[in-house]
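Student: I have a structure open on my screen and would like to talk it through with you. Could we take it one part at a time?

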Amino acid sequence: MTIPNRPPVNVAGDGSRVGVQAGYADIDTVIIPGNVQLTVGQDASPAAKYQAGVENLKSGNPRAARELIWTTMMRSRVNSEVLFHWLIAMLSGRTVRQFSQEEIDQLRHYRAPYAEAGDDVWADGVRLIYRLLDSVLPSLAVKAEPAVAKTDMSLLVKQFDSLGEKQRDMVQPHLELFLTGPLQDEMWQRELTIAQSQQHSGGRLGRAWMFFQPVPAKVVLPPPRLEWISAAVRLTMRASACLFVAAAGYLGWEFLWHGALLGLLGFAAALVGGAVAAAADLEWRFPTGRRRLKDEQFRVTNRSAPSLPSDELADRVDKLFKRYFDRYAPDTAERERWKASVAGFRKFHRDEIIEICRSSGIHANEVAWLIRYEVRQLEQRSQNGTLYEYRRELIPRPGSVAGRRTGLTVLVLGGVWAIVALRVHPLADMTDVVALLSAFWTWRCWLRVNLERKRYAADSEEHAKRQVMIDKEYARWSEILRARPEDADMAGWLRCDRTVLLGRALDHFKLPRSRLNAYAFLEERGVAVKRARIEGAPWRYAGYQLRIFLLAEDGVRQVSAYLGFMKGTLTERERTSYRYDAIVSVRVLREARRQTFEFRLTAGDPITVRVQDADPDKTQQDQDTAPGEDTQEAREEEEDTALDVTSAADLLHMLERVAGRRPELVSGT
C-alpha cells in the first residue's frame with residue numbers, strides 16, 4: 001500500500017497470500033536448502049546476523065531484516081553500509097506513520113554521527129534517505145537540519161541519480177512515494193520502465209521453473225539378494241557325490257574284473273552323456289526360469305491391490321507416477337493401451353522406489369526425478385519395441401535343447417547296455433541302483449547351487465547397469481538444477497510483475513500516478529499450483545491470483561489478474577470501480593493468530609481478507625479457541641494463506657474509516 005509522500009506498504013508480503021486454497025497436492029510443496037542463510041541462532045556473530053538481515057531484505061522479509069540488522073547495530077560498530085541497509089529495511093513493507101517514537105529516536109540518534117559524515121557511496125545513500133524522511137517527518141529534522149525539510153525535491157532527485165547503481169536500485173522503489181505531482185509521475189515512469197525491462201531478465205523463462213523442483217536425492221538401488229544355499233543342500237550334494245563316485249568306481253572295477261569291455265564302454269558313454277545332459281539342462285533351465293520369473297514380476301494380477309501397503313509415502317509416490325504417466329503417455333487412441341501394457345513395470349518401479357524411500361528416509365519429492373526417468377524410459381522402450389527386450393536376451397542357446405536330448409539318449413542307452421552286461425551279478429545290480437539314486441540327488445543339488453550362482457551373477461550385472469544409468473541421470477538433472485534461481489531473484493521478478501500490473505491498471509483507468517492516494521496488492525496462491533521456498537524465506541508460487549486496489553480521490557478501482565509466474569504472464573480477469581460511499585461496512589473478526597477483514601459493498605459479494613496477526617500471543621488471549629483446534633495442519637494452512645496484519649491492516653482500517661463517509665478521509669489517513 002502507498003500513501004502520498006510516504007513509503008509503500010505491500011499488503012501481502014512476497015510470499016503471502018489471501019484466502020484458502022484446499023486440495024493442492026502435497027507433492028507440489030517443496031522446501032529447498034538455500035545457498036544463503038536467512039535465519040541464524042541467538043549466539044550467531046554480528047557479521048552473520050547482518051548478512052542474514054541483508055539476505056532477508058533481498059527476499060522481501062523486511063521485518064526480519066530490521067530485527068537482524070538492528071541487533072547487529074547494537075552489538076558492533078556501525079558503518080554507512082550497515083546503516084543504509086537498516087534504513088531500507090525501515091522503509092520496506094510499511095508507512096512512515098507506522099514508525100514508533102522509539103524508531104524515530106533511533107533514526108535521530110544515528111543521523112548525526114553517520115549520516116552527515118563519510119564520503120563513500122553508502123554514505124551518499126544514507127544522506128539521501130534522511131533528507132527524504134525529513135520531508136514527511138519534520139520531527140526528525142528539528143534537531144538535525146531543519147532547512148532540509150524545505151529542500152527542493154527536484155534537487156533530491158538529482159542526488160538520487162548520482163548514487164551508485166546498487167544503492168539507486170534499492171532506493172528506487174521508495175523514492176517516487178516521497179514525491180508529488182509531475183515529479184512523482186516522472187519517477188513512476190522510470191520505475192515502470194525498469195520493471196518492464198527486468199521482468200524477464202536473468203533467464204527467467206528458462207530458470208524460474210527450477211525453483212519449484214525439489215532437490216534430488218542420490219539413489220542407491222537395493223543390492224541384489226545374496227547368493228545363498230542352505231547347508232543341508234550343500235551337505236547332501238557332497239554326500240551324494242561321494243556315494244556316486246564310490247558306486248561308479250566299483251562298477252568300473254567289476255567291468256574290468258570280468259573283462260566286459262563292451263559294458264565298460266557303455267558305462268563310460270552313460271557317464272559322459274549324463275554330464276552333457278546336466279550341463280545343457282543348466283544352460284536351458286536358467287534363462288527359461290529367469291524369463292518366467294521376470295514375466296511374473298512385471299505381470300499385473302486381476303486384483304488391483306498394490307503389492308505394498310498404501311500409506312502417506314505410497315500415496316505421494318502414486319501421485320508422482322500418475323503425473324508423469326499422464327505427461328508422457330501418447331496423445332492418441334493408444335494412450336490407455338500403452339498404460340495397460342506397462343502397468344506391470346509401473347507396479348515394479350513403484351514398489352522399488354517406495355522401499356528405497358522407506359529404507360533411506362528419502363521424501364517422495366526427492367525421487368521425483370527418478371520416477372520421471374523410469375516413466376520416460378518406459379515410454380521410449382515402448383516406442384522402439386524394447387519393452388520386453390529381456391525375453392529375447394533370455395532365449396536359451398539353440399544347442400542347449402539338442403545337447404540335453406542327446407545327452408539323455410546316450411545316458412539311457414549306455415546305462416542299459418552296461419546293466420545288461422552285468423546282469424548275472426546281483427551285487428552289481430544293487431550298486432547300479434545306488435549309483436542311479438546318488439547321481440540323481442547329486443544332479444538336483446548341483447543344479448540348485450549353480451542356478452543360484454548364475455542368478456546372483458545376473459542380478460549383480462543388471463543391478464550395476466541400472467545403477468550406472470541412474471547415477472548418470474542424477475548427475476544430468478543435478479547439473480541442470482545448478483541454475484536454480486535464488487530467492488532474491490524470485491522476489492525481484494515478483495516485484496516487477498506487480499509493478500507492471502499496477503502500470504496496466506493505471507493506464508486502463510487513465511489515472512496518473514500522482515492522483516493515487518494509496519494502492520495495495522493482495523496475493524493469493526493460484527489453484528493447484530506448485531509452491532516452494534528456501535528455508536526461512538516466504539513461500540513462492542508457480543501461479544498467483546493478484547488483486548490490486550487503487551484508492552483515488554473519487555473512489556476505489558479494483559483489478560484482478562492471474563500471474564503465471566514461471567513465464568511472467570499477467571492475465572487480467574476482472575475490473576471493478578466503486579465510490580467510497582458504496583462501502584457499506586467493514587468487519588474485523590479475530591481468530592487464533594489471525595484476523596479476518598470483510599468489507600461489504602452496496603452490491604455484489606463481500607470481499608474477505610484473512611491476515612496473520614503480528615502478535616500471536618496477544619491474539620490468543622483475546623479469543624476462545626479449544627486447544628485441540630491448534631493442529632499442525634492448521635498452522636501450515638495459516639502459514640500458507642495468511643497475510644501480515646501489520647501491513648494489511650493499514651489498507652483495511654482505512655477502508656473501515658471511509659465506509660459510507662466522505663472520500664477526502666482517504667488522503668488524511
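Student: In what order do the strands of the open sheet come, and how do they pair?
Tutor: Bearing in mind that this is a predicted model, the open sheet is formed by 4 strands in the order 2-5-6-7, and their pairing is antiparallel. Strand 2 (516–525) and strand 7 (569–578) are the edge strands, each of them pairing on one side only. From one strand to the next, the twist averages 15°.

Student: And which helix packs on that sheet?
Tutor: That is helix 20 (residues 487–509), which touches strand 2, strand 5, strand 6 and strand 7, and whose direction makes about 45° with that of strand 7.

Student: How many bridges join strand 5 to strand 6?
Tutor: There are 10 bridges between strand 5 (residues 543–552) and strand 6 (residues 555–564), and the two strands run antiparallel. As one example from this pair, Gln545 has Tyr562 in strand 6 as its bridge partner.

Student: OK, zooming out: how many helices and strands does the protein have, and what share of its residues is buried?
Tutor: The protein has 24 helices and 11 strands, and of its 669 residues 48% are buried. The protein exposes about 32,700 Å², of which carbon and sulfur atoms supply 56%.

Student: Where is the confidence lowest and highest among the elements?
Tutor: Helix 21 (residues 616–621) has the lowest mean pLDDT, 35, while helix 10 (residues 204–207) has the highest, 94. For the protein the mean pLDDT is 78, with 79% of the residues reaching 70 or more. Over residues 1–25 the pLDDT stays under 50, although the model has 121 contacts beyond four places in sequence for them, and it also stays under 50 over residues 613–647, for which there are 74 such contacts. Where pLDDT is low, the predicted coordinates should not be read in detail.

Student: Switching to helix 13, which of its residues are buried?
Tutor: They are Leu313, Ala314, Arg316, Val317, Leu320, Phe321, Tyr324 and Phe325, and these buried residues pack against helix 14 (335–341), helix 15 (343–360) and helix 16 (368–383). Helix 13 (residues 312–328) has 17 residues and reaches 25 Å from its first C-alpha to its last, close to the 24 Å expected at 1.5 Å a residue.

Student: What about helix 2, how far apart are its end C-alpha atoms?
Tutor: They are 20 Å apart, which agrees with the 20 Å that the 14 residues of helix 2 (residues 62–75) should span at 1.5 Å a residue. The buried residues in helix 2 are Pro62, Ala65, Arg66, Leu68, Ile69, Thr72 and Met73.

Terms used
Residues numbered from 1 in each chain as written. Predicted model: local features only at pLDDT ≥ 70, side-chain atom pairs only at ≥ 80, totals over all residues. Heavy atoms only, no water. Pairing = 2+ DSSP bridges. Axes fitted to C-alpha atoms, helices over the stretch in contact; angles between N-to-C directions. Contact = heavy atoms within 4.5 Å. Buried < 20%, exposed > 50% of the residue type's maximum accessible area, 1.4 Å probe, protein only. Areas by Shrake-Rupley, 256 points an atom, 1.4 Å probe, with all protein chains shown as cover. pLDDT = per-residue confidence, 0-100. Expected span 1.5 Å × (residues − 1).
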